[in-house]
Amino acid sequence: MVRAIISNKKKYQKQKKIRNKQLDRLQKVIRVKFKNKSMLRRAMTHRSFVNESGRNVTDNERLEYLGDSVLALVVNEYLFRHFEEYREGKLAKIKSAVVSEATLAKIARRIDLGEFILMGKGEEHSGGRDRPSILANTFEAVIGAMFLDSGMKTCRTFVLNLIRDEIESADSPTSLRDPKTTLQEYVQKKYKERPEYQVIEERGPDHNKEFTVRLIINGREIITGDGPSKRKAEMNAARASLKKIEDGDIDI
């Protein structure tokens, strides 16, 4: 009994040491040094880890809630100061595109955030480390933790360094429109038919569904998209295909 307790304690200490090294690497990646490293650890803890581990740890959902508000304020302030000629409606559309799940997940992938998330084995095996909703939520949780640890100035610098290019991209005629509508007009003009969206996967519990859809144009599969609803998945697939068309990566 005593040996088992000692063994478990050593195992926990070893895991904690490894985790601290991972958090040190993450801080180098995001270029922010946390005064309280436990705040960053909490930001990187998905609820699936809490459910599976049985340890007395807290997930990142409250930090995500806070980070969502901090992110919105940073983006809104930037738009207000740099796009003085735009009215409220246009500013709101740019902001909506910039803080969307798809955009935040893309930014999270750019800094390899998924690699550092503490999550349950079941979630990890089902592709959780690259799931857009988890990546976007964790990114917001990091912002929330950063705000509590270092204040708004650090958050503003961190967010704008990563999101400024996304703001500029969002400030274009096509990005401010519904991507499904834009793609449909393009396809109808070229092929006299509409794009087709097929649901190819539906996963997760009822309260946290994730859908994957296949986009088909002129009988050819173009790309897939993920989202917490069929509509969001279709929008993400349409948006991604428009980006590839614009970049010349695909010829439709």
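**Salt bridges in close-up**

**View 1. Arg-203 and Asp-226 meet through their side chains in a salt bridge, at 3.5 Å from N to O.** Because Arg-203 belongs to strand S1 (residues 196-203) and Asp-226 to strand S3 (residues 220-227), the pair ties together parts that are 23 residues apart in sequence. The model shown here and in the other views is predicted. Arg-203 is buried, its relative accessible area being 18%. Asp-226, at 23% relative accessibility, counts as partly exposed.

**View 2. Arg-203 also forms a salt bridge with Glu-201.** The closest N and O atoms of this pair are 3.3 Å apart. Glu-201 has a relative accessibility of 39% and counts as partly exposed. Arg-203 is buried at 18%, below the 20% limit that defines this class.

**View 3. Lys-209 and Glu-202 are joined by a salt bridge.** Here the closest N and O atoms lie 3.3 Å apart. Lys-209 counts as partly exposed, with 21% relative accessibility. Glu-202 is likewise partly exposed, and its relative accessible area is 46%.

**View 4. A network of salt bridges links Glu-77, Arg-81 and Arg-156.** In total, the structure holds 15 salt bridges. Among them are the pairs Arg-203 with Asp-226, Arg-203 with Glu-201 and Lys-209 with Glu-202.

Notes
Residues numbered from 1 in each chain as written. Predicted model: local features only at pLDDT ≥ 70, side-chain atom pairs only at ≥ 80, totals over all residues. Heavy atoms only, no water. Salt bridge = Lys/Arg side-chain N within 4 Å of Asp/Glu carboxyl O. Buried < 20%, exposed > 50% of the residue type's maximum accessible area, 1.4 Å probe, protein only. Helix = DSSP H or I, 4+ residues; strand = E, 2+ residues; numbered from the N terminus.
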